[in-house]
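Please view the sequence and the model first.

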Amino acid sequence: MTNGEQAITGQAVDWDAAAASFDDEPDHGLRDPEVRRAWASRLGSWLPERASDVVDLGCGTGSLSLLAAEQGHRVTGVDRSPVMVDLARAKLAGRDAVFLVGDAAAPPVGEERFDVVLVRHLLWALPDPGRVLRHWRGLLRPGGRFVLVEGVWGTDAVGLAADRLTGLLAPLVGHVRVERLSDDELLWGKAVDDERYAVVATA
């Protein structure tokens, strides 16, 4: 969700400064109970049924991390913004979760491996998503999965189209499933007419 890379738009975002208001967006803070339930339901269908190790890259304030932890998963969150990480730590206080300040494209997790690499609205902003995906593939245990939520937004059509992402993933995984999200208003707290989707890809 956040990594502060020079985005495709050419605008650098100060995520530390943005942290205080980040959760005001319905799909960021998940404060509306209906929006929260919609994301929890989707996430539950994307993550393994058994308790698993999930790394949430570009975790922002930890909203998806919290949903994953509530569903019984062990979470490691990584974000470049120390302020975002502080908010995530507070949000998940007392839960089985660890948050690290670092580059989500090359997360500082050492030799640790995970059952799930979870990423929302980050990959599109990185300069070489194919290279990043190859690196993230090395974070997965055998049989692990990617859960990638991306899209193409706004009048400038910035983002990462589903067909491009699935093409980048094809050499790295055995099975790829695309789930369209644009029609589910509850996820966004409003109607949207751009391309929003999730990819679940199993190694």
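Ring pairs link Trp-39, Trp-46 and Trp-188 into a cluster, where rings of Phe, Tyr and Trp (its six-membered ring) pair if their centres lie within 6.5 Å, and where planes under 30 degrees apart count as stacked, over 60 as edge-to-face and the rest as tilted. The model is predicted, so that local features need pLDDT of at least 70 and side-chain atom pairs count only at pLDDT 80 or more, while totals for chains, interfaces and linings use all residues. Residues are numbered from 1 along each chain as its sequence is written, and side-chain values use heavy atoms, with hydrogens and water left out.

A search of the whole structure finds four aromatic pairs, and two of them are set out here.

| Pair | Centre to centre | Angle between planes | Class |
|---|---|---|---|
| Trp-39 and Trp-46 | 6.4 Å | 75° | edge-to-face |
| Trp-124 and Trp-153 | 5.4 Å | 70° | edge-to-face |

The second pair links distant parts of the chain, 29 residues apart: Trp-124 is in the loop between strand E4 (114-120) and helix H6 (129-137), and Trp-153 is in strand E5 (residues 140-153). Helices (H or I, at least four residues) and strands (E, at least two) are DSSP runs, numbered from the N terminus.

Trp-39 counts as buried at 0% relative accessibility, and Trp-46 is buried at 1%; buried means under 20% relative accessible area, exposed over 50% and partly exposed in between (1.4 Å probe, protein chains only). Trp-124 and Trp-153 are both buried.

Arg-120 lies over the face of Trp-39, 4.5 Å from the ring centre, and the charged end of Arg-196 sits over the ring of Trp-188, 4.6 Å from its centre. A charge sits over a ring if NZ of Lys or CZ of Arg is within 6 Å of the ring centre and within 35 degrees of the ring normal.
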